[in-house]
Amino acid sequence: MCGIVGVVGNVDTKNILINGLCRLEYRGYDSAGIFLAEDNQLYKAVGPLKKLQEEVPADAAGTLGIGHTRWATHGKATLENTHPHTSQSGRFVLVHNGVIENYRQLKETLLADDIFYGQTDSEVAVHLVEYFVNQGFTVPAAFLQTLNKIEGSYAFGLIDTQTPDTLYAAKNKSPLLVGLGGDFSLIASDALAVLDQTKNFLEIKDGEMVILQKDSVEIFDLAGQPVARQPFVTQLDANDLDKGAYPYYMIKEIAEQPSVVRKIIQQYLIEENYVAPALKEVIHEADHLYFVACGTSWHASRVGAKYFEEMAHIPATALLASEAGYRMPLLSARPVFIFLSQSGETADSRQVLVRVKELGYPTITLTNVLGSTLARESDFALPLLAGPEIAVASTKAYTAQVTVLACLAQQFARQNEKFDLAHELSLVATAMDTVITEQETLNLLVADYLTEQRNAFYIGRYLDYEVSLEAALKLKEISYVQAEGFAAGELKHGTIALIEEGTPVFAVITDPVTASHTRGNMEEVKSRGARLFSLVSESLANDDDTFVLPNVHPLLTPILSIVPAQLIAYYATLQRGLDVDKPRNLAKSVTVE
Ligand code: M6R
């Protein structure tokens with residue numbers, strides 16, 4: 001979603017802002033803008049960043065600036081709503097990520113005489129700073145007053161045009177980091193935006209304000225008291241952000257999956273690095289595990305819940321965060337909550353985390369970003385080890401989540417039910433390699449299946465049903481084919497009415513127990529005109545199956561069978577002439593509820 005970059009110091013401010021925003025592009029946005037303090041110039045554009053680049057003169061420069069990519073929430077994607085926003089007199093300039101919940105009330109009370117140019121909640125914040133300065137407060141005090149008046153989530157970057165050596169920032173529930181460069185200081189909503197400038201960062205916590213100058217950073221709490229904080233060096237590598245020889249991030253990330261699985265085997269099973277005794281103790285004490293997640297991570301949670309029930313005999317339920325945030329189910333006596341999130345910043349999941357902490361239950365987060373909000377706020381955090389995932393459609397994070405959950409569940413299996421998971425997962429990694437080398441076959445097989453069709457189905461039973469949910473999401477979010485993942489046996493209870501001549505139906509069959517039943521469902525849709533595409537494990541395959549998967553352990557098939565489905569979505573999208581990495585309307589990290 002929205003992205004922020006800001007910088008003060010003796011550096012190429014314009015390029016740091018523009019390049020930083022380009023690195024945040026993958027998160028999704030509709031418009032972008034930058035402000036350069038020396039020129040006192042605001043540049044904005046609706047649409048792709050290259051439009052903004054065209055707006056900014058080549059010789060624009062300065063030692064202080066802020067930039068923003070906006071994913072529209074309050075108000076359409078127009079220039080008026082594009083950040084940075086200015087105060088009534090133009091003295092203050094601000095960028096904001098998050099949602100100011102009481103913005104209407106502030107507009108109607110303290111700011112009743114002000115003129116607003118757009119419809120955003122954010123504009124209120126910069127007007128408020130000026131309001132308090134006009135009341136006689138110093139700028140830092142006025143900013144603190146503003147933060148204390150605002151209800152909701154925010155990451156702010158603020159410039160006072162009268163002090164061009166100072167950048168102000170603040171954070172509450174929206175991500176923001178400070179970067180340290182020696183003779184410059186930065187702010188960014190994601191370290192990836194400025195990794196080419198520095199690897200040294202300072203964490204900013206909720207309810208903190210920061211004053212940055214080129215060679216100093218001061219942090220304060222909302223009462224104005226100074227806070228001490230040690231910097232850290234990020235492990236992220238700028239090279240991980242390159243597409244390398246791949247045409248799109250999505251295909252690069254699909255191809256990385258076998259090595260991610262191998263890394264998890266090494267770190268979780270061979271070196272036993274992450275699952276601390278205290279965490280084991282917490283899960284041992286649980287009488288029910290509640291997974292909380294959204295989208296792809298929720299699909300992975302559903303597989304994980306089955307792993308814990310099958311392998312460890314611990315009851316488990318996967319909750320949709322956006323639902324659980326408002327109505328928690330009736331909980332067991334000793335619940336433990338496990339949050340799954342690639343980004344670690346998903347607002348829906350975080351709101352459940354806040355509630356669960358209020359209730360006093362133990363919390364564990366599995367995430368790809370260990371410094372993220374969910375990771376920091378949970379009792380325990382486990383890394384996915386997938387490396388940065390840039391494509392909006394999640395691929396390697398899903399397989400990493402399922403793999404880590406298998407490793408975790410196995411720890412709680414009865415001794416006589418344990419199997420050699422490291423060995424079985426290494427077979428999965430090899431099988432993934434095989435499927436990936438067959439990507440051109442899938443490209444050809446899928447040609448004309450999905451170029452014209454508006455609808456498609458993925459069907460399967462048990463774990464194959466779980467994979468069908470994720471496979472359908474992959475297809476719909478990037479190719480815009482309305483795809484449904486369906487429990488194969490449930491189609492005949494109503495939805496089969498949608499099957500007509502040529503409707504593509506993809507059947508996933510890896511489960512020996514339910515294979516013959518799913519085959520029966522394939523016949524039912526075929527006789528009503530469906531165009532079948534079967535993805536079947538070798539040991540269950542017939543001569544007329546479309547794509548055969550190498551055999552792997554029956555519990556681990558979701559880590560493998562999703563790979564051809566990811567490739568099908570990828571190629572179907574290319575065949576439809578669409579951008580696989582940046583689908584319309586979507587954001588990589590969904591930081592609003
Ligand atoms: O970062 P998270 O895993 O918490 O994100 C949750 C969903 O927004 C995410 O999985 C989304 O569904 C994927 N981009 C789909 O590919």
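Modeller: Lys173 is found in the loop between strand 8 and strand 9 (177-180), where strands (E, at least two residues) and helices (H or I, at least four) are DSSP runs numbered from the N terminus. This is a predicted model, in which local features need pLDDT of at least 70 and side-chain atom pairs count only at pLDDT 80 or more, while totals for chains, interfaces and linings use all residues. Residues are numbered from 1 along each chain as its sequence is written, and side-chain values use heavy atoms, leaving out hydrogens and water.

Lys173 has a positive phi of about 70°, although it is not a glycine. Most residues other than glycine have a negative phi, and most peptide bonds are trans. Because its relative accessibility is 37%, Lys173 counts as partly exposed; buried means under 20% relative accessible area and exposed over 50%, with partly exposed in between (1.4 Å probe, protein chains only).

Seven strands form an open sheet in the order 5-6-7-8-12-13-14, with antiparallel pairing; two strands pair if DSSP finds at least two bridges between them. Strand 5 (85-86) and strand 14 (226-227) are the edge strands, each pairing on one side only. Strand 5 is joined to strand 6 (residues 92-97) by two bridges, and the two run antiparallel. His85 has Leu94 in strand 6 as its bridge partner. Against this sheet packs helix 4 (residues 123-134), which touches strand 5, strand 6 and strand 7 (154-160); contact means heavy atoms within 4.5 Å. The direction of helix 4 makes about 140° with that of strand 6. For such angles, axes are lines fitted to C-alpha atoms, for helices over the stretch in contact, and the angles run from 0 to 180 degrees between N-to-C directions. Helix 5 (residues 139-149) lies across strand 6, strand 7, strand 8 (167-172), strand 12 (208-213) and strand 13 (216-221). Helix 5 runs at about 20° to strand 8.

The chain also has something to show in the loop between strand 4 (64-70) and strand 5, where Pro84 lies. A cis peptide bond joins His83 to Pro84, with omega about -5°.

Next come the rings. Phe143, Tyr154, Phe156 and Tyr168 form one aromatic cluster. The structure holds 18 aromatic pairs; rings of Phe, Tyr and Trp (its six-membered ring) pair if their centres lie within 6.5 Å, and planes under 30 degrees apart count as stacked, over 60 as edge-to-face and the rest as tilted. Tyr154 and Phe156 make a stacked pair, at 4.9 Å centre to centre and 15° between the planes. Both Tyr154 and Phe156 are buried.

One more stop concerns nonpolar packing. A nonpolar core is a set of buried Ala, Val, Leu, Ile, Met, Phe, Trp, Tyr and Cys residues joined through side-chain atoms within 4.5 Å. The largest nonpolar core has 124 residues, and Leu52 and Leu289 are among those touching the most other members. Helix 18 (residues 557-575) gives the largest share of this core, eleven residues. A second, separate core of 28 residues includes Phe92, Val124, Phe132 and Ala142.
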